[in-house]
Amino acid sequence: MAAPEEQDLTQEQTEKLLQFQDLTGIDSMEQCRLALEQHNWNMEAAVQDRLNEQEGVPSVFNPPPSRPLQVNTADHRIYSYVVSRPQPRALSDAKRELRFLLVYLHGDDHQDSDEFCRNALCAPEVISLINSRMLFWACSTNKPEGYRVSQALRENTYPFLAMIMLKDRRMTVVGRLEGLIQPDDLINQLTFIMDANQTYLVSERLEREERNQTQVLRQQQDEAYLASLRADQEKERKKREERERKRRKEEEVQQQKLAEERRRQNLQEEKERKLECLPPEPSPDDPDSVKIIFKLPNDSRVERRFHFSQSLTVIHDFLFSLKESPEKFQIEANFPRRVLPCVPSEEWPNPPTLQEAGLSHTEVLFVQDLTDE
């Protein structure tokens, strides 16, 4: 796998670069950047390595060999020691996908390393096996990450391969291959290790599938419960809204009843006031009296005498005070047919008297109901 092209530095990397230069006293910014890149921008590791070199302690990092390891897979899951994916990520991939992880530690200075890479590890049949049945991670032990893995695996010689898998819910080394090995033997031993441990992965897959099914079932139950809860809440909300609507409706009806009662009461009080304020009825032998017969909208008739000098308003007040009269009405004369101006208006601010209105000693007037208009 070829090394990725250099990219512009991030702000964090620029700050680390300046800090590293300040701590180490290296004048060349390019050399500082190279040192940090070799240690994967780990400031502490890069500074410690620089201090070790100044004290004569061999560096844990050496430049990659002239013939770098080239092992590529169809899904790009092969990890080379030239540009390696962090080992914890490889372990995480293998654990998540329940696959075997083959770890290769490359000893740069070992005499068998290059031959193993060229003849065994890069053999087509080996690559095919790796592509189809496992993940692969490789790193030079001269790199910090490779060195840390070496300290954990404690290999005795090189080339070194370790097969790691999830066993008993732990990532466990289930096979170790050390020393130079031919492609056929490598394939046979890797196949033997995988076949001997395949049952653990199958068991873990079944357990994981069962856990997933249980989780899915629980999730479905939770979703069903939540759906039922939401439905119940929606029903309760609609019930509350319906109760509130009925309450408001009942309150509105009650308010209307109270308003109607107040209106009727006010109307009755007004009728009583009008009745009390009416002038006395003239006697039949009074020559200035007018006998008026009123025909009400309900076909009933009412008769009363008024004085010629009285305002037409008195006629209106009399009719208004009657229980059977409508709330709003107008009074019409028949000959000639006209509406009498009994209440103040823009045309008649002061209604005329009976005499001014042209009424005779005996009149029949009609009461027109205007309540619904």
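How are H6 and H8 oriented to each other, roughly parallel or roughly antiparallel? The axes of helix H6 (residues 124–133) and helix H8 (residues 183–277) cross at roughly 20° and come within 9 Å, so the two are roughly parallel to each other. Angles under 35 degrees count as roughly parallel and those over 145 as roughly antiparallel. Axes are lines fitted to C-alpha atoms, for helices over the stretch in contact, with angles from 0 to 180 degrees between N-to-C directions.

This is a predicted model, in which local features need pLDDT of at least 70 and side-chain atom pairs count only at pLDDT 80 or more. Residues are numbered from 1 along each chain as its sequence is written, and side-chain values use heavy atoms, without hydrogens and water.

In the contact (heavy atoms within 4.5 Å), Glu 125, Val 126, Leu 129 and Arg 133 of H6 meet residues of H8 that include Pro 183, Leu 186 and Gln 198. The residues of this contact comprise seven nonpolar, two polar and four charged.

Elsewhere, five strands make an open sheet of mixed pairing, ordered E7-E6-E10-E8-E9. Strands pair if DSSP finds at least two bridges between them; helices (H or I, at least four residues) and strands (E, at least two) are DSSP runs, numbered from the N terminus.

| Edge strand | Residues |
|---|---|
| E7 | 301–307 |
| E9 | 337–339 |

Each edge strand pairs on one side only. Strand E6 (residues 289–295) and strand E10 (residues 362–369) run parallel, joined by five bridges. Lys 295 stands opposite Phe 366 in E10. Helix H9 (residues 312–321) lies across E6, E7, E8 and E10, at about 120° to E8.

Note on methods
Angles under 35 degrees count as roughly parallel, over 145 as roughly antiparallel, 65 to 115 as roughly perpendicular and the rest as oblique. Ala, Val, Leu, Ile, Met, Phe, Trp, Tyr, Cys and Pro count as nonpolar, Asp, Glu, Lys and Arg as charged, and the others, Gly among them, as polar.
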